[in-house]
Structure formats: structure tokens, C-alpha cells
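Dear colleague,

Please find below the structure that I am handing over to you. My notes on it follow directly after.

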Amino acid sequence: MPVILCGDFNALPFSCTYLLLTEGSITRSNVCIFDSDVQFPDTLRLPEGICLHSAYKTCGTIEPDFTNYTHNFKGCIDYIFFHDDARHLQLLRVVPIDRDRYQDPLPNASHPSDHVPLVAHFDLS
């Protein structure tokens, strides 16, 4: 079944959340912030066969420099992920982020959100 999952994940590309979604599992050694009071299994896995791909990374080999830009943070925390083990979903292209449009922290008079819009075109056949 085709899956498209997009949104503000508040997770940088090297975070445990990103690794879980793109690798399909994480282990205790992947956990970046570990609180001894938190019970964490030895391995945390997505359902069998689920491994998501980032649309922007697929089209450009790396994630965008930033998708969120405020006075005290600038980084990539928003994603468009997809998965299709039956080959019904094909990523056609993404709309590149024009970094020159975002010279000042967001939101501002030109951009009402602190997030940069992400756009991907898919073919579902």
C-alpha cells in the first residue's frame, strides 16, 4: 500500500526519529537522549517491511539546509516521506527551496510561517 507521510517532525536528519522512519528500526545505541527512568526496548521497529524515503533526499541526495528558520534556530525538521513496496507510487520531483528568498528569520512580513513550504509531485498508478 502506498504511504505518504509529511509534516513537522521536530527531528533533525541525524535524530532517532529520523533514523527510525528511514531505517525502519533503532536500537538502544541509537538513542540520543536516554533517561534512566524511561523504559526503552532493545530494538524499536516499524511494522515489517516499512522503511520510508525522504522525497527531498531522494531527489537531491541530502535533506534541505533548513525547513525552519527562526531567530534562534535554523535547520531541517520538516519532511515528506513516502513508501510503496508494490511500486504504485512514483516520486516525480520536488520543488527546490529557494534559499535566497529566506534571508531573514521567519515568520516575517513576506512569510507568515516559521516553516518553509515543501512540495513533492507523485504519480500514483
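Helices (H or I, at least four residues) and strands (E, at least two) are DSSP runs, numbered from the N terminus. The model is a predicted one: local features need pLDDT of at least 70, side-chain atom pairs count only at pLDDT 80 or more, and totals for chains, interfaces and linings use all residues. Residues are numbered from 1 along each chain as its sequence is written, and side-chain values use heavy atoms, with hydrogens and water left out.

I begin with Asp100, which sits in the loop between strand S8 (89-94) and strand S9 (120-124). For accessibility, buried means under 20% relative accessible area, exposed over 50%, and partly exposed in between (1.4 Å probe, protein chains only). Asp100 counts as exposed because its relative accessibility is 62%.

A cis peptide bond, with omega of about -10°, joins Leu106 to Pro107. Most residues other than glycine have a negative phi, and most peptide bonds are trans.

Two residues other than glycine have a positive phi. Asn10 has a phi of about 50° and is found in the loop between strand S1 (3-8) and helix H1 (16-23). Thr61 has a phi of about 70° and is found in the loop between H2 and strand S5 (68-69). Asn10 is exposed, since its relative accessible area is 60%; Thr61 counts as exposed because its relative accessibility is 63%.

I turn next to the nonpolar cores. A nonpolar core is a set of buried Ala, Val, Leu, Ile, Met, Phe, Trp, Tyr and Cys residues joined through side-chain atoms within 4.5 Å. Of the 13 residues in the largest one, Ala55, Tyr102 and Val116 touch the most other members. Helix H2 (55-60), strand S7 (78-83) and S8 are the elements that give two or more residues to this core, and S8 supplies the largest share, three residues. A second, separate core has six residues, among them Tyr18, Leu21, Leu52 and Phe81. In soluble globular proteins, nonpolar side chains tend to be buried together.

With contact defined as heavy atoms within 4.5 Å, Val116 touches Phe66, Thr67, Ile97, Tyr102 and Leu106, not counting residues up to four places away in sequence.

Is His83 buried or exposed? His83, which belongs to strand S7, is buried, because its relative accessible area is 7%. Not counting residues up to four places away in sequence, the contacts of His83 include Met1, Pro2, Gly49, Cys51 and Leu89. The side chain of His83 also reaches the backbone oxygen of Cys51 at 3.1 Å. This is a polar contact, that is, a pair of N or O atoms within 3.5 Å; within protein, one must be able to donate a hydrogen and the other to accept it, and residues adjacent in sequence count only if both atoms are side-chain atoms.

Finally, S7 takes part in an open sheet of three strands, with the order S1-S7-S4 and antiparallel pairing. Two strands pair if DSSP finds at least two bridges between them. The edge strands, S1 and strand S4 (53-54), each pair on one side only. S1 and S7 run antiparallel and are joined by six bridges, with Ile4 standing opposite Phe82 in S7.

Yours sincerely
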